[in-house]
Amino acid sequence: MSRISKTIAGLQAQNKKVLIPYLVAGDPQKGLTVDLMHALVRAGAHIIELGIPFSDPSSDGAVIQLGVERALRQGTTLSDVLEMVSEFRRRDKQTPVVLMGYLNPIEIMGYGNFASAAAAADVDGVLIVDLPAYECEELFGAVRPLGIDTIFLIAPTTTQERTAAICANSTGYLYYVSLKGVTGAAIRDKGEVADKIAHLRSETNLPIVVGFGIKDAQSACEMAAISDGVIVGSALVERIGLLPTQGACSSARLDDAVAVIFSINEALQNLNN
Amino acid sequence: MRYTVSKSPSVDIVSGLDTSHSADQFSGPDLHGHFGRYGGAFVGETLVAAVEELDRVYQKLSKDPAFWAEYDKDLKHYVGRPSPLYFAERLTKRYGGAKIVLKREDLNHTGAHKINNTIGQALLARFMGKPRIIAETGAGQHGVASATVAARLGLECHVYMGVDDIKRQSANVYRMKLLGANVIAVESGSRTLKDALNEALRDWATNVDNTYYIIGTAAGPHPYPRMVRDFQAIIGREARAQSLEDFGRLPDALVACVGGGSNAIGLFHPFLRDEGVAMYGAEAGGEGLETGRHAASLSAGRPGVLHGNRTYLMTDDAGQIVETHSVSAGLDYPGVGPEHAWLKDIGRVNYVPVTDQDALTAFRELTRLEGIIPAIESSHAVACACKLAAEMSPDQFIVVNLSGRGDKDIQTIAAIDGITI
């Protein structure tokens, strides 16, 4: 069982929801990312999605675009991101780390090189936003044998036929996109999300977590109530963007930057009880 | 006979697709949009259903003669096709070699080849019942062509354009507004064409239910590269028939400029099986490949994935897309259509960089010698053709795609000359 599956199974055994923050690696400075990851774990994160910065993030809204631009101004590369995961692992052997990003940086590094480097860094999962299930075999065929989970998005527009193909290629968890749009938009139809997730349950036993548009304790609780957990990106990246682009930050300052995760975790605890 | 002349298309040159060939290497893409290892549909999950629906609709409509009849009718009466094939006699004399013959896409309504594609895609949008059109634009030509067809069909139109391009192409911005389009300034990333494309993709994902995205070049996720090629292939079908009529044979070479590559693939595609016809794609060499300031993704880039397709890209060692440079806004794009990537790899088409300087020289020569002011984009093709002609014999001839007229570039040229107009 992968670290991701073990983590989620452990939470489910305690009737708890999964809380997954997303941050952009290297935002707003390379030296802060690992400390921020530890701060997120302190705040209650169960799994961390670490964004690989890419110059053309066409599925992301304005907040994450700006985070990516800050990370790229620091010269953050995919090699740096893998390095950050290794460093994080020196102090944290439990919390799963999922790399999320776009295909081109991995394509340029080479699939084989990426797979072995990700395994060496102890990455737990990969989610490539612009890699549909039909095209995934070459890359995911390289990472899966190394014990890395392959995670996919399912959108409100995903057809029944594609849902089956995605479930067949997914391990770890399914990432359900709550809305038609980009990251950071507002969820308009909660009932529709609930219906879709209920339908997905009939297709797969994989845990289903909901992302896009979850910005506070209230939206997190609403989505967690109908799923196995939530992913929080833009609301966190917005706060991280206020950190200085150079110089050290105290632990207290980092804890403050990730306070939204702390408050969502608290709210989810109450939801569980 | 020196030339392998393939069978003439079994259909009239201005109607529908050439179905006279059995499946061979040039009948791509495959069902999932691949040309060799290039192409595909690398989009976020929200848009997968949208591109699949578009593919289904296009598969169906492209087999329907009534669809092509309407397209042909619009091309004839609204666009003004067929566009002439014109022998540029004085330009030919200047280089003393092969005859230089221009395919006059600059004479189309709105002044460029772009309208061939927007006419076709607007018919699709109407058929699919989408009341809202979005488009991206660099120089503004595709934006104008999209706003034009939207006005004609009474569709709402939003055009994404980088803020830097809006400053450079103010006349086209105003033209779009006159046509009733909403021009949206894109402030993200490098604030040029590639970022306008990102923003259009974001809009599409958000408004996928009621919106049709008219991509302006033969790139992007499947089925766009195929569809845009099919709508632009009218250029090559006409040029092929006109060559046979005017010269009694096929040309020795074809030349077209390549940014995303829609005018080039439109000219080349109907000739791909004609082995005796050499093909040259003129890329934006900018200030020279050695300076790194250019947009020649085929000559100096490498394969990667951007904007929905695997193709040659201008990307750095870390996989980030790098900023490109060209004096011509329409060629200033870090990628290229996937069919070109494949045609490069199999060696069917030669892709050559043409510098800003050489393109500007060709611009002036064509203007003075023939009284035709070409778009700076098309001037890259003219420059390439002049060089080629000089090395060929006078009994040979080259067809150059004069993809657009240069009115939009007058301010750029004046600025280079130090004149404010």
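**Close-up 1. Both faces of strand S5(B) are covered.** On one side Arg132(B), Ile134(B) and Glu136(B) are buried, and on the other Ile133(B), Ala135(B) and Thr137(B) are buried. Buried here means under 20% relative accessible area, exposed over 50%, and partly exposed in between, with a 1.4 Å probe and protein chains only. Strand S5 of chain B covers residues 132–137, and six of its six residues are buried. In a regular strand the side chains alternate between the two faces of the sheet. Helices (H or I, at least four residues) and strands (E, at least two) are DSSP runs, numbered from the N terminus.

The model is predicted: local features need pLDDT of at least 70, side-chain atom pairs count only at pLDDT 80 or more, and totals for chains, interfaces and linings use all residues. Residues are numbered from 1 along each chain as its sequence is written, chains are lettered from A and ligands numbered from 1 in the order in which they are written, and side-chain values use heavy atoms, with hydrogens and water left out.

**Close-up 2. S5(B) pairs with strands S6(B) and S8(B).** Two strands pair if DSSP finds at least two bridges between them. S5(B) and S6(B) (residues 156–162) run parallel and are joined by six bridges; Ala135(B) stands opposite Val159(B) in S6(B). Between S5(B) and S6(B) the chain passes through helix H5 of chain B (residues 141–153), in a β-α-β crossover that is right-handed. That term applies if, with the strands pointing away from the viewer, the path from the first strand over the helix to the second runs clockwise. The pairing of S5(B) with S8(B) (residues 211–214) is also parallel, over four bridges, and places Ile134(B) opposite Tyr213(B).

**Close-up 3. Phe140(A) and Phe152(A) form an edge-to-face pair.** A search of the whole structure finds 15 aromatic pairs over all chains. Rings of Phe, Tyr and Trp (its six-membered ring) pair if their centres lie within 6.5 Å; planes under 30 degrees apart count as stacked, over 60 as edge-to-face and the rest as tilted. Here the centres are 5.4 Å apart and the planes stand at 75 degrees, so the pair is edge-to-face. Phe140(A) belongs to helix H7 of chain A (residues 137–143) and Phe152(A) to strand S6 of chain A (residues 152–154), 12 residues apart. Phe140(A) is buried at 1% relative accessibility, as is Phe152(A) at 5%.

**Close-up 4. Trp68(B) and Phe231(B) form a tilted pair.** Their ring centres are 5.8 Å apart and their planes at 55 degrees. The pair links helix H2 of chain B (residues 65–79), which holds Trp68(B), to helix H9 of chain B (residues 224–232), which holds Phe231(B), 163 residues apart. Trp68(B) is buried at a relative accessible area of 3%, and Phe231(B) at 0%.

**Close-up 5. Two arginines of chain B sit over tyrosine rings.** Arg94(B) lies over the face of Tyr95(B), at 4.8 Å from the ring centre. The charged end of Arg104(B) is 6.0 Å from the centre of the Tyr86(B) ring. A charge counts as over a ring if NZ of Lys or CZ of Arg is within 6 Å of the ring centre and within 35 degrees of the ring normal.

**Close-up 6. Thr163(A) lies in helix H8 of chain A (residues 160–169).** Thr163(A) is buried, with a relative accessible area of 5%. Leaving aside residues up to four places away in sequence, Thr163(A) touches Ile154(A), Thr158(A), Leu200(A) and Glu203(A); contact means heavy atoms within 4.5 Å.
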